[in-house]
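Hi everyone, thanks for making time this morning. Let me put the structure up on the screen, and then we'll walk through it together.

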Amino acid sequence: MKRVLLIVGGGIAAYKACELIRLLRRAGHAVRCVLTDGGAQFVTAMTLAALSEDRVYTSLWDLKDESEMGHIQLSREADLLVVAPATADLLARMAAGQADDLATTVLLATDKPVLAAPAMNVRMWQHSATRRNVMRLRCDGVTILEPDEGAMACGEYGPGRLPEPAAIAAAIERALAPRSRPLAGRHALVTAGPTHEPIDPVRYLANRSSGKQGFAIAEALAALGARVTLVAGPVALSTPPRVDRHDVITAREMSDAVDRALPADVAVLVAAVADWRVEAVADKIKKAGAPPTLTLVENPDILATLARAPNRPRLLVGFAAETSEVLAHATAKRARKGVDWIVANDVSGEVMGSERNTVHLVNAAGVESWEELPKRMVATRLADRIAAALA
Ligand SMILES: Cc1cc2nc3c(=O)[nH]c(=O)nc-3n(C[C@H](O)[C@H](O)[C@H](O)COP(=O)(O)O)c2cc1C
């Protein structure tokens with residue numbers, strides 16, 4: 001028996017929440033409802049209470065519940081939070097991190113997984129504000145179901161209908177299922193971020209890598225049960241749960257840390273390692289006379305070295321950030337460096353530091369181009385592929 005906290009928003013499709021409660025109850029789950037003010041315009045608390053066989057929560061300002069911090073209790077006592085129907089307004093308030101009613105306060109206060117089933121007019125669904133909010137929430141880890149396509153109560157046709165209760169119930173079962181851990185017992189090594197190559201004690205050469213994609217991959221691999229070693233260049237990111245992080249500054253430090261982390265079953269080298277470093281690091285260079293000449297020497301090629309190492313990981317994945325002819329360069333890099341997979345992306349736009357990425361997976365089978373996705377979703381998809389390859 002799992003406990004579902006169902007938040008019912010203010011859309012025509014709120015009546016389908018009633019059927020959803022029945023399906024979840026029949027599957028043996030406990031359902032507790034939060035009804036928004038908007039939701040209460042479409043279904044009554046009485047109906048939801050009767051179907052869920054529990055009281056229904058509507059107000060943040062209930063003296064009795066809030067003397068016990070009721071909004072925190074509600075999320076604490078649930079295994080999963082479900083928003084159905086998730087209105088455009090609720091999605092917007094969730095994405096903005098607002099907490100101006102009981103529903104959004106519970107959603108902001110929770111550390112439990114959240115699943116939202118949107119329902120709205122097709123134009124509201126396709127509006128750039130809603131697109132942005134959905135992308136933002138997915139980046140934050142919220143599972144958002146795609147609405148169905150069809151004739152709508154407003155007389156229009158298109159995507160925006162609430163999925164059928166049975167489909168939402170199935171998605172809820174998937175979200176509640178214990179996560180399978182196909183990478184349990186495997187060691188995954190991930191590098192992320194830039195490296196900084198000192199010029200003198202206060203200056204350095206660097207690049208724009210934020211480390212977000214590599215950190216997301218480390219997190220996704222750990223979520224599948226892998227023991228993850230993350231070698232991170234200088235980035236301002238917090239360590240994902242259950243990940244063993246080693247911070248480094250320079251390419252040579254990163255290379256040493258990678259060596260120390262071996263053996264590994266899979267290595268995913270996402271870091272944007274500086275190709276060159278300054279040959280001789282001087283005392284602080286003074287601004288006097290002509291500008292100094294910096295002599296650069298090559299840094300170790302961590303990916304190519306690992307590909308030739310006697311203890312080469314069984315699966316070696318490299319990243320190729322390119323600004324032109326992405327696929328040609330990625331295919332050539334795969335052959336030249338002797339790696340199994342190259343994940344190529346075009347960084348001529350605003351990928352570095354952004355939350356999204358459009359990548360191509362290049363391997364022996366050819367090229368697979370993925371649609372633009374939040375970096376977290378690129379990470380979970382790649383982790384699933386790695387799990388399949390190592391199975
Ligand atoms: C008859 C009617 C139907 C509505 N249906 C929807 C809907 O299906 N989806 C939606 O996002 N908003 C819909 N709205 C607008 C929402 O009710 C409104 O944005 C409300 O503030 C949402 O409340 P909530 O944030 O508590 O869900 C509808 C409004 C009316 C008057």
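So, this is a predicted model, and I'd like to begin with an open sheet of six strands, in the order 3-2-1-4-5-6, with parallel pairing. Who stands at the edges of that sheet? Strand 3, residues 56–57, and strand 6, residues 143–144; each has a single partner strand, so one side of each is left without a neighbour in the sheet.

Now look at strand 1, residues 3–8, and strand 2, residues 30–35: they run parallel and are joined by six bridges. If you want a landmark there, find valine 8, which sits opposite leucine 35 of strand 2. Lying across strands 1, 2 and 3 is helix 2, residues 45–52, and its direction makes an angle of about 170° with strand 2.

Staying with helices for a moment, here is helix 5, residues 88–96. Its buried residues are Ala88, Leu90, Leu91, Arg93, Met94 and Ala95, so please note that an arginine is on that list, as defined by 20 or more other C-beta atoms within 10 Å. What covers them? The cover includes strand 4 (80–86) and strand 5 (114–118), along with helix 6 (102–109), helix 7 (122–126) and helix 8 (128–139). After helix 5 comes glycine 97, with a positive phi near 75°.

Let's step back to the overall layout. The protein chain is divided into domain 1, residues 3–176, and domain 2, residues 187–390. Their centres, taken over C-alpha atoms, are separated by 39 Å. How many residues does each domain bring to the contact? Four come from domain 1 and four from domain 2.

Next, the nonpolar cores. The largest has 58 residues, and those with the most contacts inside it are Ala188, Val190, Ile217, Leu221 and Val317. Helix 10, residues 212–223, gives the most to this core, with seven residues. Another core lies apart from it, with 50 residues, including Val31, Leu81, Ala86 and Ala116. Back to valine 190: leaving out residues up to four places away in sequence, it touches Gly214, Ile217, Ala218, Leu221, Val228, Leu230, Val268 and Val270.

Ala251, Met254, Ser255, Val258 and Ala261 are its buried residues. Where do they sit when you look down the axis of helix 11? They fall within an arc of 125°, so they line one face of the helix. As a reminder, an α-helix has 3.6 residues a turn, so residues three or four places apart point the same way. The packing partners of those buried residues are strand 9 (187–192), strand 10 (197–198), strand 12 (227–232), strand 15 (276–278) and helix 12 (302–308).

Two more stops. Strand 17, residues 315–322, pairs with strand 18 in the parallel sense over six bridges, and alanine 321 stands opposite asparagine 345 in strand 18. Strand 18 itself, residues 341–346, is mostly covered, with five of its six residues buried.

And finally, arginine 242, in the loop between strand 12 and strand 13 (243–247). Is arginine 242 buried or partly exposed? It has 14 other C-beta atoms within 10 Å, so it counts as partly exposed. Its C-alpha atom is separated by 31 Å from that of glutamate 146, which is 96 residues away along the chain.

That's the tour, and I'm happy to go back to any view you'd like.

Conventions:
Residues are numbered from 1 along each chain as its sequence is written. This is a predicted model: local features need pLDDT of at least 70, side-chain atom pairs count only at pLDDT 80 or more; totals for chains, interfaces and linings use all residues. Two strands pair if DSSP finds at least two bridges between them. Helices (H or I, at least four residues) and strands (E, at least two) are DSSP runs, numbered from the N terminus. Two residues are in contact if their C-beta atoms, placed from the backbone, lie within 7 Å. Axes are lines fitted to C-alpha atoms, for helices over the stretch in contact, and angles run from 0 to 180 degrees between N-to-C directions. A nonpolar core is a set of buried Ala, Val, Leu, Ile, Met, Phe, Trp, Tyr and Cys residues joined through C-beta atoms within 7 Å. A residue is buried if 20 or more other C-beta atoms lie within 10 Å of its own, exposed if 12 or fewer, and partly exposed in between; C-beta atoms are placed from the backbone. The arc is that of the directions from the helix axis to the C-beta atoms. Domain bounds come from an automatic or database domain assignment.
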